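Let us walk through a protein model together.

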Amino acid sequence: MPDETEQNDAPETEAPAPAPADPVERVRSGWRELWQVPVLLAASGVLLLGVAFAVATAPDPEFGPVLTRAEQLIEREQYEDAIDLLNSRVHPWTNRDVLTVPDRQRYHLAKARSIYWGQKKLEINDDRNHVSIIREYMEAERQGLELPARDVAALADTYLSRGELNAALIRLATIPSSANAVREPVIRRAVALLLRPPSPDRNRALEVLADVLADPTVSIDQRVWAVEAQSRIRLDQGYVDETITRLLREIPRLDQAGPAGRARLHLLLARAYGMIGADRAAMDQVNLAESLSAAGDGHYPMVLLERGRLEQRAGNAAAARDTYAGITARYAHSEAYPWAMIGLGETEALLGSPELSLEAYDKLIDEYDALGILGEPTRERIMLSLLDRAGEALVIAEPRLALRYTTLGERIMRGRPLPAPLLETIAMAHRRSAEELSKGSTTRANPLVGLDPSIRVEVQRHLIAAAINRRFHAESFVLTDIRRYADSLWEAADLFDRAGDQREAVQAFKTYAESLPGDARAAEARFRMAEALRAMGEYQAAAEAYQDLIESRHGTGGQDIGVWADASYVPLAQTYLYDENPDNNAEAERLLRRVLDGSMTGTTTRMFRDALVELAFLYDRSGRSARAIERLEEVLRRYPGDAEEGLIRYRLGEAHRRLAEDIRQSLEDSLPPTTRSQRADLLANHREEAIRQYERSIAILGMKREADRSRLEEISLRNAHFYLGDLLSDLGRYDDAIRAYDLARDRYSRDPATLVALIQIVNIHVAQGDLRRARTANERARRFYLSLPDSTWDDPALPMNRRDWQAWLDASSRLLAAGPSN
C-alpha cells in the first residue's frame with residue numbers, strides 16, 4: 001500500500017466530460033445523481049457524498065492509489081477526509097466504465113465504512129445515513145464482494161438502527177463463530193431492541209439467546225450475559241422456580257467467568273428468591289454478589305438496591321432508607337437510581353416523614369425524562385407506589401396527605417390517560433377531605449349546612465373534585481365492567497348533588513337512568529334528577545320528571561318503582577305550589593290529600609309528615625287560617641320534637657295572627673253586642689296564642705347556631721321578633737311591646753325590618769299621649785328610613801305591610817298637627 005507521501009504526489013484525476021447540452025436534462029440528471037449518493041455534513045449530522053462537477057479532459061485516472069489512501073484514512077479514523085477523497089477523486093467516475101470490478105468493490109465498501117464509523121465517531125444517528133450504509137454494502141455485494149465479518153456485523157447493526165430486526169438477525173447468522181468478537185455486541189443490541197418497551201418480543205429474544213447458549217464457541221462473557229438475559233425474561237414471565245433451578249445449575253459451569261459476571265448471576269438469584277418470599281436465601285445471594293463486586297462495577301448499585309429491598313421487606317425501614325439514600329447520593333447515573341428514589345419515598349413514609357417521602361417522589365418525577373428511562377421503572381410503576389402511599393394516608397385518616405401523593409401521581413402520568421385506580425383514589429381522598437372538613441355540619445345528607453362560609457367553599461370544592469374523578473372512573477369501565485361503571489357513576493351523581501352542583505347532578509342521574517334503565521337504582525336516579533331540577537328552580541322539567549315516575553309505577557322488566565312513584569307526590573305538589581302558576585294549586589292540594597288519605601303510606605312515614613306540613617302551609621298561604629291551625633297543631637301533636645318545629649310554630653303563630661286580623665276586621669261591621677263580645681274574646685285568644693307560638697319559635701330557632709339556620713328559618717326568626725311586639729301592642733301591653741321592639745331593634749339593627757320596631761314605638765307613644773317621646777322616636781325612625789334605598793322596601797319577606805305604613809303616616813300627621821314640643 002503506498003505511503004502518504006506517495007499519495008500526496010499522485011497525479012490529480014480529472015472529472016469526466018460535461019453533462020448533456022439540454023439544460024433541463026442537465027438539471028434533472030444532476031439532482032438524480034445527488035440524491036443517490038451520501039455526503040458528510042458533520043454540522044447537520046448527515047453523511048452524504050456530494051457530487052463534484054468538472055470537465056474531464058485528462059486520460060482515465062488510476063484509482064488504486066486513491067482507494068488505498070481512503071482505506072488508510074478509515075483505519076486512522078479520519079472518516080471525513082476519506083469521504084472527501086472518495087467524493088472528489090472517485091465518485092465523478094462511477095457512471096463511466098473506467099472503474100474495474102475490484103475498484104468498485106473497494107469504493108462501495110470504503111463508502112459504507114466511512115459513513116458507518118464516521119457516524120459512530122460523531123455520535124450521529126440519522127436514518128439517511130443508515131439508508132446510505134445499507135445501500136453501499138449491498139452494492140459492494142452486487143459487485144461480487146463477500147463482506148468481511150466485521151462489515152456484516154456493521155450492516156446488521158445498521159439494520160437494527162432502522163428497526164429491521166429480521167434482516168439484522170439473518171445477517172448475524174452468517175457470521176462465523178471465529179468472528180464472535182464482532183458478532184456478540186450486535187447480538188446483545190438485537191436482544192435489547194427485542195425487549196424494548198412498550199411491546200417487547202420476549203419469545204423472539206429467548207430464541208436468539210437459546211442460539212447463543214447452544215453455540216460452544218461463544219465467549220464466557222457472552223454466555224454469562226445470555227444466561228443473565230434469559231433469566232431476567234423468564235422471571236418477568238413468572239417462571240420463578242424454573243429460573244432458580246436453571247441458575248443453580250448454570251452458575252457452577254461458569255467458574256471461568258470473572259467476578260463481575262458471577263456477581264450479576266448471584267444478584268439475579270437473589271431477586272428470584274425474593275420473588276417467592278425466600279428473603280433469607282435472597283440476602284445470602286446479595287452478600288455473595290457484593291463480595292464479588294467492586295464499588296465501581298456497573299452492576300454494584302443494583303446489588304445495593306436488592307439489599308435495600310430485602311431490608312424494607314424485613315421491616316427494617318431505617319436501614320433500607322439509608323441504603324437507598326446511599327445509592328441516590330453516589331450512583332445517580334445508574335439504573336438503580338430511579339428505583340432507589342422510589343424506595344426512599346416509600347421508606348420515609350414508613351418512618352413517619354411524609355415531607356421527605358414527597359420530596360423524593362417529587363425529585364424523581366422532575367428528573368424522569370432527563371434520566372432517559374426506556375424500561376423500568378415505568379411511569380405506571382411510580383404511580384402505583386404513590387397510590388400505595390395515598391392508600392396508607394387514607395387508612396390513618398390523612399386525606400389531604402393522600403391528595404398530595406395523588407397529585408404527584410397525576411404529574412408522573414401527565415399527557416397520558418389517568419388509570420382507573422388513580423382516579424378512584426383521587427376521588428376517595430377528595431371525598432374524605434370533604435367529610436373531615438364538614439364534621440361540624442348538622443346534616444349528613446347535605447354536608448354544606450351549618451358550616452362556616454370559608455369551610456363550606458372548601459367542602460364544596462372537594463366534593464366536586466371527587467365527583468369529577470368518580471365520573472372519569474366510571475367512563476373507564478363503560479365497556480368492560482358495567483357494575484363498576486354503575487357504582488362510580490352513581491357516586492359521582494350523589495357527590496355532585498351533595499356539593500350543590502345540581503346541574504351536573506341532573507346530568508349524571510339522567511345518564512344513569514338512561515344508560516341503565518333496568519338497574520335497581522334507575523328509578524331513584526330519575527327521582528333525584530327531579531329533585532335536583534326542582535332545587536334549580538326548573539319547575540316545569542321537575543314536574544314532568546315526577547309525573548313520569550307516577551305514571552310509570554312499574555318499569556320495564558318488572559322493575560318495581562312504586563316507592564319512588566309514591567315519593568314523587570309531595571315534591572310534585574311543592575313544585576306546583578312554587579312555580580308561581582296559581583292554576584295548578586288545586587292539583588297540588590289534590591296530590592297532598594291523596595297522600596294523607598292513608599291509601600299510600602302510614603301516618604308515621606316521612607311522606608305523610610311532609611304532606612301534612614305542606615298542606616298546612618298551603619292553607620296558611622291561601623288565607624284558610626283556621627284549617628292551617630288545625631293541620632299545624634296536628635303536625636306538632638304527631639311529631640313532637642320535629643326538626644322543623646321552630647319553623648312550624650312560627651307558621652302556627654302566623655296563622656293565629658292572620659285569623660286574629662280577620663276577626664278584627666269583622667268587628668268593624670255592624671254586629672250584635674253578644675257576637676261582638678264573643679269575637680273580641682276570640683280575637684284576644686288568637687293574639688295570645690300567636691304570642692305563645694312566636695315565643696316558642698324564637699326560643700327554638702334562637703338555640704340554633706346562625707350557620708345552622710336556613711334562610712327561611714332566619715327570616716322566620718326575624719319576623720317573629722317584630723310580630724311579637726305588634727301583638728303585644730295590639731293587646732295594649734305597651735311596656736312589653738316596647739321591650740320586644742327594643743330587643744328586635746338591637747338584634748337586627750342593620751336590617752330594614754328595624755323600621756317596623758321604630759314605627760311601632762312611635763305609635764305606642766302617641767297612643768299613650770307621650771308626644772315628646774313620640775317625636776324623638778319618630779325622628780329616629782325617619783333618619784333610619786332615609787338611610788336606606790327605596791328598593792329595600794320591595795322585599796315581600798319584610799314584616800311590614802300597608803297598614804304599618806298608614807299607621808306611621810297617621811302618627812306623623814298627628815305629631816305635626818300637635819305643633820312643636822314644649
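How do the residues of the lining of the second largest pocket divide into nonpolar, polar and charged? They divide into 24 nonpolar, ten polar and 15 charged. Here Ala, Val, Leu, Ile, Met, Phe, Trp, Tyr, Cys and Pro count as nonpolar, Asp, Glu, Lys and Arg as charged, and the others, Gly among them, as polar.

A word on the source. This is a predicted model, where local features need pLDDT of at least 70 and side-chain atom pairs count only at pLDDT 80 or more, while totals for chains, interfaces and linings use all residues. Residues are numbered from 1 along each chain as its sequence is written, and side-chain values use heavy atoms, without hydrogens and water.

Back to the pocket. A pocket is an open set of points on a 1 Å grid over the protein atoms alone, where a 1.4 Å probe fits, with protein on both sides within 12 Å along at least five of seven lines; lining residues have an atom within 4 Å of a point. The second largest pocket holds about 2,000 Å³ of space, a volume filled by probe spheres set on the points, which are joined across faces, edges and corners. Arg232, Glu335, Trp339, Gly375 and Glu376 lie nearest its centre. Helices H9 (180–194) and H11 (220–236) are among those that each supply at least two lining residues. Helices are DSSP runs (H or I, at least four residues), numbered from the N terminus.

Now look at a helix pair. H34 (residues 711–730) and H35 (residues 734–747) pack at an angle of about 160°, with axes 7 Å apart. Axes are lines fitted to C-alpha atoms over the stretch in contact, and angles run from 0 to 180 degrees between N-to-C directions. H34 is therefore roughly antiparallel to H35 (an angle over 145 degrees). The contact (heavy atoms within 4.5 Å) includes Leu717 and Phe722 of H34 and Tyr734 and Ala740 of H35. Its residues divide into nine nonpolar, three polar and three charged.

Finally, follow the loops. Proline 197 and proline 198 are joined by a cis peptide bond, with omega about 10°. Proline 198 sits in the loop between H9 and H10 (202–214). Alanine 397 is not a glycine, yet its phi is positive, about 60°. Alanine 397 lies in the loop between H19 and H20 (399–412).

Conventions: Parallel < 35°, antiparallel > 145°, perpendicular 65-115°, else oblique.
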